[in-house]
Amino acid sequence: MATRLATCNLCEAMCGLRLDLDGDRITGVRGDADDPLSAGHLCPKALALQDIREDPDRLRRPVLRTPDGWREIPWPDAFDLVAAKLARTRAEHGADAVAVYLGNPVVHSMGALTHAPPFARLLGTRNRFSAASLDQLPHQYVARHLYGSQWLLPVPDIDRTAYFLAFGANPAVSNGSVMSAPGIVRRIRDLRARGGRMVLFDPRRTETARLADEHHFVRPGTDAALILAMVGRIIAEGAARPAPYVDGLDRLTRALAAFTPERAAAVTGVPAEVIVRVADEFAAAGAAAAYGRVGVSTQRFGTLCQWGIQLLNLVTGNLDRPGGTLMSRPAVDPVRNRMIDPGHEDRWRSRVRGLPEFGGELPAAALAEEIRTPGKGQVRALLTIAGNPVRSAPAGHELSRALGELDFMVSLDFYVNETTRHADVILPPTDLLERDHYDLVFNLVAVRDRARYTPAVLPRTPDARHDWEILRELARRYRRLVRAGSLSDRLVLRLTPERIVDLGLRAGPYRLSVAKLRRHPHGLDLGPLRPSLPGRLRTRGRRVDAAPPVLLAGLERARDELLTAPRAAELLLIGRRHLRDDNSWLHNSARLVKGRPRHHLLMHPDDLRARGLTDGGPVRVRSRSGEVTVEVSASEDVMPGVVSLPHGYGHDRPGVLLSVASTLGGASANDLTDPARLDELSGTAALNGVPVTVEPLR
Ligand SMILES: Nc1nc2c(c(=O)[nH]1)N[C@H]1C(S)=C(S)[C@@H](COP(=O)(O)OP(=O)(O)OC[C@H]3O[C@@H](n4cnc5c(=O)[nH]c(N)nc54)[C@H](O)[C@@H]3O)O[C@H]1N2
Ligand SMILES: Nc1nc2c(c(=O)[nH]1)N[C@H]1C(S)=C(S)[C@@H](COP(=O)(O)OP(=O)(O)OC[C@H]3O[C@@H](n4cnc5c(=O)[nH]c(N)nc54)[C@H](O)[C@@H]3O)O[C@H]1N2
Ligand code: SF4
Ligand SMILES: [Mo]
């Protein structure tokens, strides 16, 4: 028996773990009480780290699709085949004919993160996609325009705030997002114990709503009106106290004139007196933090929502104030080191719909049409890394069809899921405990600064390769066929992730190194969030323009739709996460999926009654882009007029090799979501607020 320290990288909380080992087997998982950020917290998903290791469905060697099913092939053959196919597609059809999709776990893996982006750039294609456009791009878009870098993301100072105002986030389940906050339930309870308040706006009375002082239903997709009305109210009351480096309040005030509490109330369903009172309380709270996540990012006006949330903090002087929202000061600071693109947009557009790129990526909602629409520049080959866009991108069923039409597809993944089943070759990487970890992304948004480097806990199985080793080797063989890639990308691809992190730590604000962090295995505490503005702004003159022209113009274009009350007959679909789910994966862990089914469509009892539906019975849900059948459950916790279905379910598909998950039932919410519905500014898919109809299944 031995005890080893690990860092869980399944979600953004980055919990420190203590693992009890018996040989190579994990016999116990506990939270590491000595970790300065997670302080002993862990959630049930940590058990999956062991389950992935033992999963008989997990791929351990490269597999090639053959008419008789998957056949294992040696790594060198797989590398040569993939390099040759990618190079040939480029030679015959141009660089844009090869598309890349990077899934969410890429940002959770040190080596995938250091090596996947340079590899994607090496391919020279404009058709780069990722889960970012299904998630947090509105945050990045607003940060770029307000603070000068897409990665200057203010973090709620949850441990010191007096008023936590949240929109469309469920941290009690997600453990915080763009706000790494392990143990968030305790943090919220502490906030209330010290006399603070939490107010939440969400169309579902969620697990987090139960922790809050106040929860209000808001009609999906309308939050921008709510938030901007609050900003307008604060300014109109003369309560604005922006920092001296903030400009543009006059232009802002004019632009917000239409967003009165009364008009916002009519569209959002939130009473005008609540809008007014919460705005006034927020402005008067002293130390207050406004925050919003997936529910207000992946919707029609995600960028306007995130802008409004920044404005709430900015106009009340809560940006960069302890107890407000502050920029973290991570040990590897890519913004300071200029290791990372501050962001750009519209340098090119998607071929079919003419959608602008952001930060070098096109909206994932455009991937299927780029594959299916003939013409010059049509996508004919695809590389996916750690993603399942058939379950995570809008109209996944259409994307699935498109993947079947590709000339060639390769996936880096250890599972044959709804997406990778279409691949010609799957290259499986090592698992999370077999590799070193330092979190390059989520330390940027953690509620406390901490640096933790965890060497691999367990030896890899013979013949296993890390994601970055796979990419490095693919790059080497591809470069023999195509002279491609910038000098810096080629250099990075040759370094080890550990070396890259070491360089970043040495150049960082604390002058650390991997060697130093190895001497602090529980993580080095770098203290609470601290004020750092305007010094760290990347804008011209280190000033913040509260009303950048692109956002004003976006608001102008959105105004009519935003202030139009939705048709009462419509049901609006929203998503749902569960503590024991992780997007579309981890469903093959028997321990995590046991218990009551959690894939049901939730609907308010009045809405069930109005449609003659039976609680628990099967229903047909239809949208403009698709339909699914699923069981419906009556729930007083959803707002009337709203239905909720989680994404990532529906694994019982031919070819999917997930023996536990395939028995789960359920349907994919993304067989209903609509690629045409986007947040116009950032290109993020509007996965929430999708109009649907629900009828009994006869
Ligand atoms: N257990 C678990 N943890 C996870 C994940 C997981 O799958 N499972 N996924 C991880 C990932 S990738 C992410 S990005 C984060 C997400 O972290 P969160 O954003 O905190 O999690 P969600 O559950 O998506 O919360 C979104 C909330 O928005 C609400 N909502 C939907 N539409 C609207 C709307 O129009 N307006 C408003 N105001 N609210 C709306 C939903 O009801 C939901 O409660 O979680 C991460 N952590
Ligand atoms: N309707 C609706 N759709 C959504 C959302 C929603 O709230 N509602 N949420 C969106 C959000 S926030 C996100 S982040 C996306 C997620 O979308 P994706 O990233 O496309 O999907 P995941 O389900 O996270 O799939 C992760 C895949 O990576 C593999 N994997 C895990 N770890 C590794 C690794 O270390 N290396 C490699 N190579 N592979 C690995 C897993 O086996 C799995 O196949 O979904 C989005 N889609
Ligand atoms: S909260 Fe997130 S990081 Fe912590 S144990 Fe659970 S899945 Fe892992
Ligand atoms: Mo996400």
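This is a predicted model: local features need pLDDT of at least 70, side-chain atom pairs count only at pLDDT 80 or more; totals for chains, interfaces and linings use all residues.
Figure 1. Strands here are DSSP runs (E, at least two residues), numbered from the N terminus, and two of them pair if DSSP finds at least two bridges between them.

**Figure 2. Pairing of β1 with β2.** Take a look at the antiparallel strands β1 and β2, which are joined by six bridges.

**Figure 3. The hairpin of β2 and β3.** Strand β2 (residues 16-22) runs antiparallel to strand β3 (residues 25-31), and six bridges join them. Leu21 stands opposite Ile26 in β3. Two residues lie between the strands of this hairpin, and Gly23 takes a positive phi near 65°.

**Figure 4. The surroundings of ligand 1.** Here 32 residues surround ligand 1, and the closest are Ser174, Asp202, Asp223, Arg577 and Asp581 (a residue counts as near if one of its heavy atoms lies within 4 Å). The shell divides into 11 nonpolar, 12 polar and nine charged residues. Nonpolar means Ala, Val, Leu, Ile, Met, Phe, Trp, Tyr, Cys and Pro; charged means Asp, Glu, Lys and Arg; the others, Gly among them, count as polar. Domain 3 (137-327 + 535-557) and domain 4 (567-696) each give at least three residues to this shell, with domain bounds from an automatic or database assignment.

**Figure 5. Polar atoms beside ligand 1.** Now zoom in on some atom pairs. A polar side-chain atom of Asp223 is 2.6 Å from a nitrogen atom of ligand 1, and a polar side-chain atom of Ser174 is 2.8 Å from an oxygen atom of ligand 1. Phe201 has a polar backbone atom 3.1 Å from a nitrogen atom of ligand 1.

**Figure 6. The residues around ligand 3.** Around ligand 3 you will find Cys8, Leu10, Cys11, Ala13, Met14, Cys15, Leu42, Cys43, Lys45, Ala46 and Asn175. By class, this shell has nine nonpolar residues, one polar and one charged.

**Notes for all views.** Residues are numbered from 1 along each chain as its sequence is written, while chains are lettered from A and ligands numbered from 1 in the order in which they are written. Local features need pLDDT of at least 70, side-chain atom pairs count only at pLDDT 80 or more, totals for chains, interfaces and linings use all residues, and side-chain values use heavy atoms, leaving out hydrogens and water.

Key: A polar contact is a pair of N or O atoms within 3.5 Å; within protein, one must be able to donate a hydrogen and the other to accept it, and residues adjacent in sequence count only if both atoms are side-chain atoms. Helices (H or I, at least four residues) and strands (E, at least two) are DSSP runs, numbered from the N terminus.
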